[in-house]
Each structure stands twice: as structure tokens, then as C-alpha cells.
Amino acid sequence: GVRNPSPRGAGNYRRIGRARHHRQRRAREGLSRLCRRNHSRYDQGTNDLISKNYQASLTALLKAKELNPNNSKIRNNLGMAYYFREQNTLAVSELKEAIKLDKKNTDAKLNLGTIYLNQNKIKEAEILFKQCLEDLTFTSLFRVHYNLALLNLKQGDRKSAFEELTLSLKE
């Protein structure tokens with residue numbers, strides 16, 4: 001059989017196409033490596049936070065933030081690491097930024113509300129806790145009800161506090 005002749009220079013186009021394909025793949029892999037590195041720093045920082053190793057948590061989360069400053073989860077955990085290192089101004093700033101980046105970050109709202117409650121900023125805390133209650137998929141609603149119970153106790157409303165505690169046990 002006679003082969004159909006290929007268009008003139010088709011081999012060059014294929015080589016150029018392959019080269020472009022390989023550059024794009026290397027770029028994706030580089031981005032993928034960067035994402036994996038950032039994710040591992042986030043995971044390490046989160047694990048350190050849970051283990052109460054707050055200095056190591058701060059170090060890892062600051063590196064993760066450097067690589068991805070618009071990640072709401074990183075900013076939330078960084079805020080909590082600052083909080084546990086008694087850096088409330090930095091903690092509040094990071095938590096506010098986490099909420100600004102993702103209005104649906106209920107963890108950040110709960111954490112910021114808890115800090116406000118501890119600072120006796122009752123109205124600000126209550127607003128955030130009520131926003132948390134609107135997220136029906138939030139897995140820590142019991143914490144929201146518990147914090148609302150504490151808030152009610154601070155306001156001298158024992159009846160509402162008892163109701164919130166009862167709700168926290170049902171969650």
C-alpha cells in the first residue's frame with residue numbers, strides 16, 4: 001500500500017506540539033508539587049495545633065500561608081495557633097481574613113465568636129454563633145450551642161443557658 005503523504009512539515013508541528021505538551025505537563029507537575037508541599041505544611045501545622053505544639057504549628061502554617069495566602073482554612077488554623085500563643089490581635093485578624101475569604105467558613109466564625117466571648121464582646125460573639133447555627137451541615141453545632149449557653153450565663157439568663165446546653169447534648 002501507498003501511504004497518504006502527510007502535509008509538508010507535519011513532523012515539525014508534531015515536535016512543537018509535543019514540546020508544548022511537555023512544558024505544560026512540567027508546569028502542572030510543578031504546580032502539583034507546590035500544592036502537595038503546601039498541603040503537607042497545612043497538615044503538619046494542623047496536626048501540631050491539635051497536639052498543642054503551637055510554635056511548630058505557627059511555623060508550618062506561616063509557610064503554608066506564604067504559599068497560599070487566600071486559603072481560608074490555613075488562615076483559620078493560623079488564627080487559632082496565634083490564639084493559643086496568646087496573640088489575640090493576630091488571631092482575630094487571621095480569623096476575620098478567613099471569613100472574608102470564605103463566607104461559609106463556619107469553623108472560623110465559631111473560633112472568632114469564641115474569642116469574642118472570652119473578651120466579653122457578647123454582641124459580636126452572639127452574631128457569629130447565630131450565623132454558625134444557619135449552617136445545617138456544620139458538624140460541630142454542639143460547640144455552638146455550648147458557647148451560646150456560656151454567653152447566656154454571662155448575661156445572667158440561666159433558663160436560655162440550660163436550653164442551649166440541652167441542645168448541645170442532642171447534637
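Guide: Helices here are DSSP runs in state H or I of at least four residues, numbered from the N terminus. The model is a predicted one, and with that convention Glu126 and Lys130 can both be placed in helix α6 (residues 122-133), four residues apart, or about one turn of the helix.

Visitor: How many helices and strands does the protein chain have?

Guide: The protein chain has eight helices and zero strands, and along the sequence this gives the pattern α-α-α-α-α-α-α-α. As for contacts in the protein chain with a separation of 6 or more, 41% of them are accounted for by residues 24 or more positions apart.

Visitor: How many salt bridges does the structure hold, and which side chain meets that of Lys65 in a salt bridge?

Guide: The structure holds six salt bridges. The side chain of Lys65 meets that of Glu94 in one of them, with 2.9 Å from N to O. This pair links distant parts of the chain, since Glu94 lies in helix α4 and Lys65 in helix α2 (residues 54-67), 29 residues apart. Lys65 is partly exposed, with a relative accessible area of 21%, while Glu94 is buried, at 6%.

Visitor: And where do Arg75 and Glu94 lie?

Guide: Arg75 also forms a salt bridge with Glu94, and their closest N and O atoms are 2.4 Å apart. Arg75 lies in helix α3 (residues 72-84) and Glu94 in helix α4, so this pair ties together parts that are 19 residues apart in sequence. Arg75 and Glu94 are both buried. Helix α4 itself spans residues 88-101, and if residues up to four places away in sequence are not counted, Glu94 touches Lys65, Arg75, Leu78, Gly79 and Tyr82.

Visitor: Turning to nonpolar side chains, which residues in the largest nonpolar core touch the most other members?

Guide: In soluble globular proteins, nonpolar side chains tend to be buried together. In this model the largest nonpolar core has 32 residues, and Leu112, Phe129 and Val144 are those that touch the most other members. Helices α1 (10-50), α2, α3, α4, α5, α6 and α7 each supply at least two residues of this core, and its largest share, six residues, comes from α5. Phe129 shows what such a position looks like in detail, because leaving out residues up to four places away in sequence, and with contact taken as heavy atoms within 4.5 Å, Phe129 touches Leu110, Gly113, Thr114, Leu117, Val144, Asn147, Leu148 and Leu151.

Visitor: Is Tyr116 buried or exposed, and what is Tyr116 in contact with?

Guide: Tyr116 sits in helix α5 (residues 106-118) and is buried, with a relative accessible area of 8%. Apart from its neighbours within four places in sequence, Tyr116 is in contact with Val92, Lys96, Lys121, Glu124, Ala125 and Leu128. A C-alpha separation of 9.9 Å is found between Tyr116 and Asn88, which are 28 residues apart along the chain.

Visitor: Which residues form a nonpolar patch on the surface?

Guide: Tyr146, Leu150, Leu153 and Leu165 form that patch, and together they have about 330 Å² of accessible area. Helix α7 (residues 141-154) gives the most to the patch, with three residues. Leu153 has its place in helix α7 and, at 47% relative accessibility, counts as partly exposed.

Conventions. Residues numbered from 1 in each chain as written. Predicted model: local features only at pLDDT ≥ 70, side-chain atom pairs only at ≥ 80, totals over all residues. Heavy atoms only, no water. Buried < 20%, exposed > 50% of the residue type's maximum accessible area, 1.4 Å probe, protein only. Patch = residues over 30% accessible without salt bridge, like charges linked within 9 Å, V, L, I, M, F, W, Y side chains within 5 Å. Areas by Shrake-Rupley, 256 points an atom, 1.4 Å probe, with all protein chains shown as cover. Salt bridge = Lys/Arg side-chain N within 4 Å of Asp/Glu carboxyl O. Core = buried A, V, L, I, M, F, W, Y, C linked by side-chain atoms within 4.5 Å.
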